[in-house]
Amino acid sequence: MYDKMGIKEENMDFQNYFTIWNKLNTVQQNRILGSVITRKVSKGTVIHNGGMDCAGLLLVKTGQLRAYILSDEGREITIYRLFDMDMCLFSASCMIRSIQFEIIIEAEKDTVLWVIPPETYKSIMEESAPLANYTNELMASRFSDVMWLMEQIMWKSLDRRIASFLLEEVSIEGTDTLKTTHESIANHLGSHREVITRMLRYFQNEGMVKLSRGKIEITDVPKLQKLCEE
């Protein structure tokens with residue numbers, strides 16, 4: 001369905017999610033609405049695959065995305081996640097030619113998102129100071145995520161990183177019973193499944209979690225929080 005200006009009605013919600021929207025002029029707004037694409041992706045779908053890919057800028061409407069990198073040995077490590085109203089710039093690597101990231105972005109949950117073509121975004125950014133400032137702030141935020149991750153890897157022990165991850169998952173999912181696997185946690189943290197399994201068994205022996213197939217029940221949140229703070 002289209003409105004009188006030929007803009008798809010399914011894209012009209014976009015303006016409520018794009019936080020810089022009201023600082024663009026009408027012409028710029030219509031250019032974006034006329035080119036943005038709505039996508040519905042299933043859990044596990046790879047949306048962007050490395051620096052040679054240029055999927056476009058991603059704005060999440062509902063769902064959850066994960067951005068991660070691969071080591072030479074094929075081990076994964078999550079660098080950031082995207083939730084409702086979050087935008088990813090690095091999926092439009094061709095727009096920022098001086099910065100190349102071999103980032104893979106996949107859907108952690110069934111997700112509805114908008115894709116802004118990089119050529120449209122870049123052309124408006126070159127004429128709109130508010131959009132350029134927004135883009136720089138967003139990029140700085142993502143670099144901050146990467147620096148935080150590096151600090152975690154370099155200075156924080158694995159048991160504390162696992163405890164932090166479990167508490168973060170409890171916050172995201174809103175439940176103390178997490179449907180996840182040891183392999184999934186290893187992929188998020190850049191570790192090996194066997195190492196994660198040993199550490200979770202230690203957590204279980206200490207009464208912090210209860211393990212079952214495909215599930216981890218958090219049984220002592222304060223103890224996990226104390227471990228994170230040590």
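This is a predicted model: local features need pLDDT of at least 70, side-chain atom pairs count only at pLDDT 80 or more; totals for chains, interfaces and linings use all residues.
Select Thr177 to start: its bridge partner in strand E11 is Glu217.

Show strands E9 and E11 together. E9 and E11 pair in the antiparallel sense, over 2 bridges. The 3 strands form an open sheet with the order E9-E11-E10, and the pairing is antiparallel. Strand E9 (177–178) and E10 are the edges, each with a single partner strand, so one side of each has no neighbour in the sheet.

Next, select helix H7. H7 packs on this sheet, where it touches E10 and E11. The direction of H7 makes about 125 degrees with that of E10.

**Helix H6**

Move to residues 182–189, which are helix H6. How many of the 8 residues of H6 are buried? The count is 6, so color the helix by accessibility to see that H6 is mostly covered. The buried ones are His182, Ile185, Ala186, Asn187, His188 and Leu189.

To see what covers them, display the surrounding elements.

Step past the end of H6 to Gly190. Gly190 follows H6 and has a positive phi, near 70 degrees.

**Where H6 meets H7**

Keep H6 and H7 on screen and hide the rest. Two packed helices are described by the angle between their axes and the distance between the axes. Here the axes of H6 and H7 come within 8 Å and cross at roughly 110 degrees. That makes H6 roughly perpendicular to H7. The crossing of the H6 and H7 pair is right-handed.

Which residues make the contact between H6 and H7? Show side chains for His182, Glu183, Ile185, Ala186 and Leu189 on the H6 side, and for Arg193, Ile196, Thr197 and Leu200 on the H7 side.

Among these, pick out Arg193 and Glu183. Arg193 forms a salt bridge with Glu183, and their closest N and O atoms are 3.8 Å apart. Arg193 belongs to H7 and Glu183 to H6, so the pair ties together parts that are 10 residues apart in sequence. Arg193 has 38% relative accessibility and counts as partly exposed. Glu183, at 39%, also counts as partly exposed.

E4 and E5 pair in the antiparallel sense over 6 bridges. Select Ala67 and look across to E5: Tyr80 stands opposite. The hairpin has 5 residues between the strands, and in it Gly74 takes a positive phi near 90 degrees.

Is E5 enclosed or open? In E5, 7 of the 7 residues are buried, so the strand is largely enclosed by the rest of the structure.

Select Arg81 and Glu108. Their side chains meet in a salt bridge of 2.9 Å, N to O. The pair links distant parts of the chain: Arg81 is in strand E5, and Glu108 is in the loop between strand E7 (104–107) and strand E8 (111–116), 27 residues apart. Arg81 has 11% relative accessibility and counts as buried. Glu108, at 14%, counts as buried as well.

Arg81, Glu108, Glu168 and Glu169 are linked in a network of salt bridges.

**One more pair**

Select Asp13 and Lys61. These two form a salt bridge in which the closest N and O atoms are 3.3 Å apart. The pair links distant parts of the chain, with Asp13 in the segment before helix H1 (14–17) and Lys61 in strand E3 (residues 57–62), 48 residues apart. Asp13 is partly exposed, at 34% relative accessibility.

**Zooming out**

Finally, show the whole protein. There are 8 helices and 11 strands, and the structure holds 12 salt bridges. The C-alpha atoms fill a box of roughly 65 × 35 × 30 Å along the principal axes. Of the 230 residues, 45% count as buried. Among contacts with a separation of 6 or more, 70% are between residues 24 or more positions apart.

Conventions: Residues are numbered from 1 along each chain as its sequence is written. Side-chain values use heavy atoms; hydrogens and water are left out. Buried means under 20% relative accessible area, exposed over 50%, partly exposed in between (1.4 Å probe, protein chains only). Helices (H or I, at least four residues) and strands (E, at least two) are DSSP runs, numbered from the N terminus. Two strands pair if DSSP finds at least two bridges between them. Contact means heavy atoms within 4.5 Å. Axes are lines fitted to C-alpha atoms, for helices over the stretch in contact, and angles run from 0 to 180 degrees between N-to-C directions. A salt bridge is a side-chain nitrogen of Lys or Arg within 4 Å of a carboxyl oxygen of Asp or Glu. Angles under 35 degrees count as roughly parallel, over 145 as roughly antiparallel, 65 to 115 as roughly perpendicular and the rest as oblique. A crossing is left-handed if the near helix is turned anticlockwise from the far one by less than a right angle, and right-handed if clockwise.
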